[in-house]
Each structure stands twice: as C-alpha cells, then as structure tokens.
Amino acid sequence: MSAIVVENISKSFGKTKALDNISFNVKRGELFGLIGPDGAGKTTLFRLLTTLYTPDSGRASVDGFDIVNQYRSIRERVGYMPGQFSLYQDLTVEENLNFFAALFDSNLKNSYDLIAPIYRQIEPFKNRKAGKLSGGMKQKLALSCALIHHPSILFLDEPTTGVDAVSRNEFWDMLSDLKNRGITILVSTPYMDEASRCNRIALCNEGRIMRIDTPDNIVATFDSALYAIKADNMYQLLLSARNQPGITNCYPFGETHHLVVDNNFDIDSFKTAHADIKGFDIMPMRPTIEDMFIKLMRQ
Amino acid sequence: MKQKFSSFIKKESLHILRDVRTMMIVLLIPVVLMILFGFAISTEVNNLNVAIVASNHSESVRQVADKLSANPYFSFLGYIDNSDIDIKLRKGEVDAIIVFDKDYDRLLSQRSQGVDTPPAIQFIFDASNTNIAQTGAAYLQNVISSDLTHQEMLNLHLLYNPQMKSAYNFVPGIMGLIFILICAMMTSVSIVREKEVGTLEVLLVSPVRPIKIILAKMVPYFLISCINLATILLIARYLLDVPMSGGMGGIITISIIYLILSLMLGLLISTIASSQVIALLVSAMVMMLPMMMLSGMVFPIENLPTVLKPLPYIVPARWYIEAIRKLMIMGLPFSAVLKEVGILIFMTFAFMGIALKNFKNRLE
C-alpha cells in the first residue's frame, strides 16, 4: 500500500491555478522530494495533504485515509513542519517540545529515543528561547517537535531554506536516518543539488509535475550533449554563444554557462568562433538535475 | 486530558508572563483610568474663581463673600471695580463675577416685606467652557439663595448621588470599558497572532481540536481580568468612596458574566480578523468606540437621535453599566438587575455560538 496517493488533484486560489491535475504515489518508507522553484505549488500540495486545504477536484489519501473525510485520522499520524518557522519564539526549546508533546498526548521521555540524534544537538540550549536559535538549530527543533509523537509520515516543507550549507547537509543526514527507521518522508526543496538525497523526486513547475523518477533516472533521460563554457567576460560569451548554430540553449550555471546542443553542433567551429574572446574555455559536462529541470521547463 | 489542558494553559501563561511590558500595561490601565477619571478628569466644578462688584460693602454683601470663601467650590478673589469686569474676564483671572445693585440692601429689605422688586444681583460668567459656566451658575445660585431669606425656595432633591460626584458616573463606565479592552482585545490579538506567525498551522495538524487550545488561551486572560476587577473595586470603594451599597456579591457575579462575554467577543473577533492589526482595529474602533458612545457612559442614551435609539440595545456594555449603576450607586438588591443579567447571559451564548460556528478547522 502506498503511504500517499494523489489522484488528479487541482486547487485554485481565485484565478491562480496553484495545482493543475496532479497525480503521484509515495511508497511506504520512501524519501520523496518535491523539487521546484517558488510558486511551483509545493506548499499548496503540503497543505492539502496535511488536511489544511480541501482540493477543488481530485482525491488524495495519506496513510490510507482520505484527506477530506477522514482528516482527523490523518492529523493523528503525521508530522508536519511548515515552510515558515512555526514554533513559539518566546518559549524555550524545552517548553516548545513539552507543549508539542502534550498536544499529541506524549511526553519528551517517550519520544526521546526517536528524536535523540537530533535533539541531542540542541539539548545544550534547551533553556534558550526558540527565537534566539540559529537557523539550523531552529530547523532541528522544529523537526524534533514534528517527530515527538512518532508519526508514520513526515511532511517537511522546504526545511533547508535559510539554513547554511553545513547544516543543510546535516539535516539531510538526519532525514536518511529517519527513513531507515521506516518513516515515510515527503520533503520539498528549491535546491536542485539536494534532489540526489531523495529516493524519488517529482520536478514541479507552475502547478504541474513535469517528471517523477529516481534522481539517477531523471539525469539519464537527458538526451542531448552538454558543455560548460567560460570566459573572462561571461556576459559577452553568453550573447555570442547563443548566436552560434546548433545551440538548443545556453544559460548561466554557477561559475560557467551550460551549453545544450543538438546534432548540428560542431565543437571545432564553436571554438574558432570564440578564439578571440579572452579566457575562453569549453569542456563536456555531465548533466545534473538542474539541467534536466531547465530542459523540461522549456518544453 | 486534564493534564493536556493544563499544559495548554501553562503555555499561554508563559506567553503572557514573558511579555512583561504588555502585562504591566494590562494591569496598570485600570488603575490609571480609575485615578484619571476619579480625580483628574472630573465634571465637577472646583475652585471657581469669583470676584464681587459692589458699590458699598454692606453687611449683607459681606455675608455672601464670607459664604463664598468658606465654600470649597469657590475661591473668592475679592472686590473689584465695575470697570474691571471686562478685563478680568478676558484675562481669565476670574470665572465668574457677582454684581450687587447699589441699592441691594434696600431692595432686599423691600423684598422681605413682600414688595415685588427688580433683580438685585447679576451673575456674569465666562461661558467659553459651557460646562463650568452652567454647573458654576447652579452652584452659585444655590449659595446665594440659601442666604436670601423669604425667597421662593426651590426644593431640589438629588437621589443616589447627592453631591453629583463624577466618580459615581465613571466607575461603572470604566468597568464596562476595561473588560472589553482586556478580554476581547487581548484574546483576539493573541489568537490571531497564532494565525499570523503560522503556529496555528501546526496546531491544526494535530489530534487536539484547536478550539480547546483557544479556550485554554482564555483562562489566563480571565484571571488577569479578575485581578483587574479586584483592583477597580478596591480603588472605587476606598479611594473614590463609591458606596457599593447593593452588595459586593452581586457586583462580582455580574462582572464575571460580563468578563466571559468579553472573552467570547474576543474569540468572535479572532474568527473574523486575519491579522493582529485588524483584530486590534476591530476591537478598538468597532467595539470600544461605540461602546463608549452608545453605552450611556459618556453621553446619555436618551439624547440619541431616534434613528440610533435601537443601537444601544445590542451593546453589551450598556446593560452591564446599567446593572452596575443600580448595584453600586443606587444600592438596589441583585434581584433588581435580573433583566440585565439575563440579557448578558443570552449575549454570551450568542457570541459563543457564532464564534464556534465561524471557527475553522482548516486554513481556508
């Protein structure tokens, strides 16, 4: 049985279509990632699955319970961490945990085992007010609170946004650990580089899912040749590269530009054309999920 | 379950205790208002500056002057010349001037013999403040006429508040206002804060019915309001000497009903308002102002234009203030305010019903 089943869900706010006929399944014990930029509809989807919204059309179930009719049962068994930091900033770390434990008829002792690997890192600051924690520590506290009642499914809406790179990495390690304990996790992120930490991902944009697969398979379906180019004057390079024959797309990517080409592309004539540009260099690249995302967006 | 509810109350109390500034304001507002209205802002006329114009300082004129000097409501500034009247008034040095006719003694004696005489005394008032002028003129007339023998005696008998102390008028009004302010405004803002900060989102995705958390929110505010009630009653009784002759029990009972009503009103506002600012505005502008205007606290309800006459009937503060007046000032027994109690209880349940119906278990 799937942990989460979404069938043809649509949701609009006024004239804006936040979700447009979305369907997907999340298997039990899976770490499933929703990858997409702001405005892709990720938060709306989370709020639907956590029973905070009702869909305009379509149906969905979480842990076998319908999100509209059986929402009480869902609320008992899921952990939810909204995108916005949603703990009480004027309460201490410990007071927050105790409150959320009481909310779920649990207590810190009962849940200590599960949350220990995470909570231990913030335990030295347990008497500090939540509002005075760093971004990474806030996320750890929020995750601890979401876990305090042993949920079977965890919904994490952009948990790593606004967190430094080291803490982000740590956070994903924690998620892998939780997954190994059998908890199904649905997580969203705008960072493409985090996608590889998921079992499967859904690439979303403008209320639609463009593709669902494992990160490796998604990269493997990138069927064009890809190069990285650079020069001293990157902007000039971008303009001139786009005018060359055989170029499907050229876009800035980190410190280089990525060049997607078709069969008409000839690397030698491309090199000749840019020979007089200072610091010019071109090398073949392995595509990443972000390249795939950009490709899908253009279709 | 009980333990759960108490941990919610504990969390709410922590919120309030951590916000020391707000808590101090909430606890001090009643004290400040009571003292302001009780002493500083008063519609009584005190220390009215009076001068006398008299061509001969006869015995009867001096008697009036002595009366004025001895009276705490007036300060007798002395005799001035006829030509100074205008200047003294313009400079604001005097508020009122009593002018005695130069034939005052003769007219007085003629009058005592039953002869119809023209007026022998003139009051000149600075009426730029009509309140002072009117009240002062009435006082002054009282003082003078009590001195004039064989004059037609007007028998004015003021019941319940014979000294016309303004504190008697304002204490019930302030009580009506304060509890709306603290209960309705504070609870609605604190509930809406959870919406705004996003914590409500997490609370909703939990097995607890959110209404329970919100009811837990009301407990600390109820307790704070009880402290305020005690402060107000103590100040009223011992500092402002309000009689409370109707019995403390009745006053406290009806006040607690009114407290709960205000809490429900706060809950109702929170179901409508989407942000703290709106909650604040709704409580302040939509609730408090009409309550001041339409409850009879500031303006007599009887003076309202006919179109607005039905409005006070739906203002809870009006019933509360009326009941408190009966109990506190008129000294009526509790049985005299049963109608008001009934109306307040009905309103409490009505507000609660609408609020619970409006309360959403989802975000939309």
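In this predicted model, the C-alpha centres of domain 1 and domain 2 of chain A are separated by 37 Å. Domain 1 of chain A covers residues 2-219, and domain 2 of chain A covers residues 222-298. Where the two meet, 10 residues of domain 1 of chain A are in contact with nine residues of domain 2 of chain A. On the domain 1 side of this contact in chain A, at least two residues each come from strand E9 (200-205), strand E10 (208-213) and helix H7 (215-220). Of the elements on that side, H7(A) gives the most, with three residues. Sorted by class, the side of domain 1 of chain A that touches domain 2 of chain A holds eight nonpolar residues, one polar residue and one charged residue.

Turning to chain B, a pair of packed helices deserves a look. Helix H9 (residues 210-239) of chain B packs against helix H10 (residues 248-272) of chain B at an angle of about 140°, and their axes lie 10 Å apart. Because angles over 145 degrees are needed for a roughly antiparallel pair, H9(B) is oblique to H10(B). The crossing of H9(B) and H10(B) is right-handed.

The residues that H9(B) brings to this contact are Ile214(B), Met218(B), Tyr221(B), Phe222(B), Ser225(B), Leu229(B) and Leu233(B). Facing them in H10(B) are Ile251(B), Ser255(B), Leu259(B), Leu263(B) and Leu267(B). Taken by class, the contact of H9(B) with H10(B) comprises 10 nonpolar and two polar residues, with no charged residues.

Terms used
Residues numbered from 1 in each chain as written. Chains lettered and ligands numbered in written order. Predicted model: local features only at pLDDT ≥ 70, side-chain atom pairs only at ≥ 80, totals over all residues. Axes fitted to C-alpha atoms, helices over the stretch in contact; angles between N-to-C directions. Helix = DSSP H or I, 4+ residues; strand = E, 2+ residues; numbered from the N terminus. Parallel < 35°, antiparallel > 145°, perpendicular 65-115°, else oblique. Left-handed = near helix turned anticlockwise from the far one by under 90°. Contact = placed C-beta atoms within 7 Å. Nonpolar A, V, L, I, M, F, W, Y, C, P; charged D, E, K, R; others polar. Domains from an automatic or database assignment.
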